[in-house]
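I opened my notebook to look up a few side-chain contacts and surface patches.

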Amino acid sequence: ATLSQNARRTLGFILHDYANFAVSTIDAFTYRIIRNFSKDLDLPSKFDVETDTKALTQRMVDQLMDSIGRDEYITRILIHFAEEKLRDESGWKIETDIVSVAAELFKEGSSAPLKTLQTLEADEFIEFIEFMKVERDAYPERMAEFGARAMELIRGAGLSVDDFLGKSRGGVATVFLKIQQKHAPGKYHDFFTRGKFAKALSEDRWTSSKTRAKDIESLLANGLRALVDEMMAYHEEHFDTYMTIFHAYQNIHSLAVLRQIEELLEVYKEQHNLVHISEFQNRISEFIQSEETDYIYWRLGERFQHYLLDEFQDTSVLQWLNLAPLFDNILSGVQDGTLLLVGDSKQAIYRWRGGEIDLMEHIAPDKLEVEPQVLGQNFRSMEYVVDFNNRFFGAVRNLLDQNAMVKQIYTGFEQAVR
């Protein structure tokens, strides 16, 4: 009854004082701040907001490609990139790869690492690419050596892959043949953790042939077992590094020209008086956090007394830091008002654009010194929907209970139907 009464009162306040009620996305609200502080932020008084990231990125990459033959560094990097793709039999078109990496320029969480990466000079980047290539090839080359040595031992003992468990159709010894070719990290992982080879390692069972069992036992004792142990030790020590370098190298050429793309982007935005929507939070970050709350409200031309941030699980840390100064008067008790954060970490889907569930689980509660309240009753769903959710999320919690954050999110979620 109390909830219904409060809801009715709130609705009445909104309807009778609608001029002081505002609904906005965080980006739209930030845009208002930027408009009012454009001079302080060194922005043109009349600028346009660009929201089509894909089209803008493609335009910059097209300009980059046009500089091939005129810019020595770009020409060298992109030709090398095309040659690598041809060598890996993944085509020769490089534009798609560059567009994909260039999109990182517009992501909130990429700003700091990209700035660090771009401190490399042109010659240093070229040397770095060569270094990465050598490191990328080290693991497959060593695995090929292990495979060749193993097959040499097998053939020297008068044996073949058909004498081992599984024979030639995915059998134990076929791994020694497969690793003599280069593969992506996932393939090596499968070779050593799945199938007959993994079974041979875990159960020490290398053959199902009674007639060749003694020959294989002798082979294992006279060098093959020691070789396999050496190979698996190398795999355990170096595989994670190989996997990291392998994936990093796929984008290294695109990263090498990212500074040039950013320079083209800055020129283009200046020529067309553009500000990309992704810049809003970074543009006002240092400025708004150093200004007095009263001054910000004065420049906005209005003051907000009550705040409700919905879908808070998809809010980024930078968005929160930029909004926090506006709450200071309320939190400090200088101004009467309320702050309500509403969200559900189980529904967090915007991590790809900076959404941070730790903000809801720890950062905001610690700053506000409050204990989050869970709605134990569902007012809008049918009983079978609520029952399904309770059972589903209970199963998810049991599957992912090794992660402390996930365990916290999926604790105390059960609801009853109202």
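Is Arg212 buried, exposed or partly exposed? I find it partly exposed, because its relative accessibility is 22%. I take buried as under 20% relative accessible area, exposed as over 50% and partly exposed as in between, with a 1.4 Å probe and protein chains only.

A note on the source: this is a predicted model, where local features need pLDDT of at least 70 and side-chain atom pairs count only at pLDDT 80 or more, while totals for chains, interfaces and linings use all residues. Residues are numbered from 1 along each chain as its sequence is written, and side-chain values use heavy atoms, with hydrogens and water left out.

**Salt bridges.** I count a side-chain nitrogen of Lys or Arg within 4 Å of a carboxyl oxygen of Asp or Glu. My search of the whole structure gave 18 salt bridges. Arg212 meets Asp215 in one of them, at 3.0 Å from N to O. Asp215 is partly exposed, at 35% relative accessibility. I also noted a network, built from salt bridges that share partners, that joins Glu84, Arg87, Lys133, Arg136, Asp137 and Lys182.

I then looked at Arg87 and Glu84, whose closest N and O atoms are 2.4 Å apart. Both sit in helix H4 (residues 72-87), three residues apart, about one turn of the helix. Helices here are DSSP runs (H or I, at least four residues), numbered from the N terminus. Arg87 counts as exposed because its relative accessibility is 52%, whereas Glu84 is buried at 4%.

Next I checked Glu230 and Arg149, a salt bridge of 3.6 Å, N to O. Glu230 lies in helix H11 (residues 213-256) and Arg149 in helix H7, so the pair ties together parts 81 residues apart in sequence.

**Aromatic pairs.** I pair rings of Phe, Tyr and Trp (its six-membered ring) if their centres lie within 6.5 Å; planes under 30 degrees apart are stacked, over 60 edge-to-face and the rest tilted. That rule gives 23 aromatic pairs. Tyr188 and Phe191 make an edge-to-face pair, with 6.2 Å between centres and 85° between planes. Both residues lie in helix H9 (residues 185-193), and both are buried. They belong to a cluster linked by ring pairs, along with Tyr139, Phe146, Tyr234, Phe239, Tyr242 and Phe246.

**One more residue.** I finished with Asp123, which I placed in helix H7 (residues 122-156). Asp123 counts as exposed because its relative accessibility is 57%.

Conventions
Helices (H or I, at least four residues) and strands (E, at least two) are DSSP runs, numbered from the N terminus.
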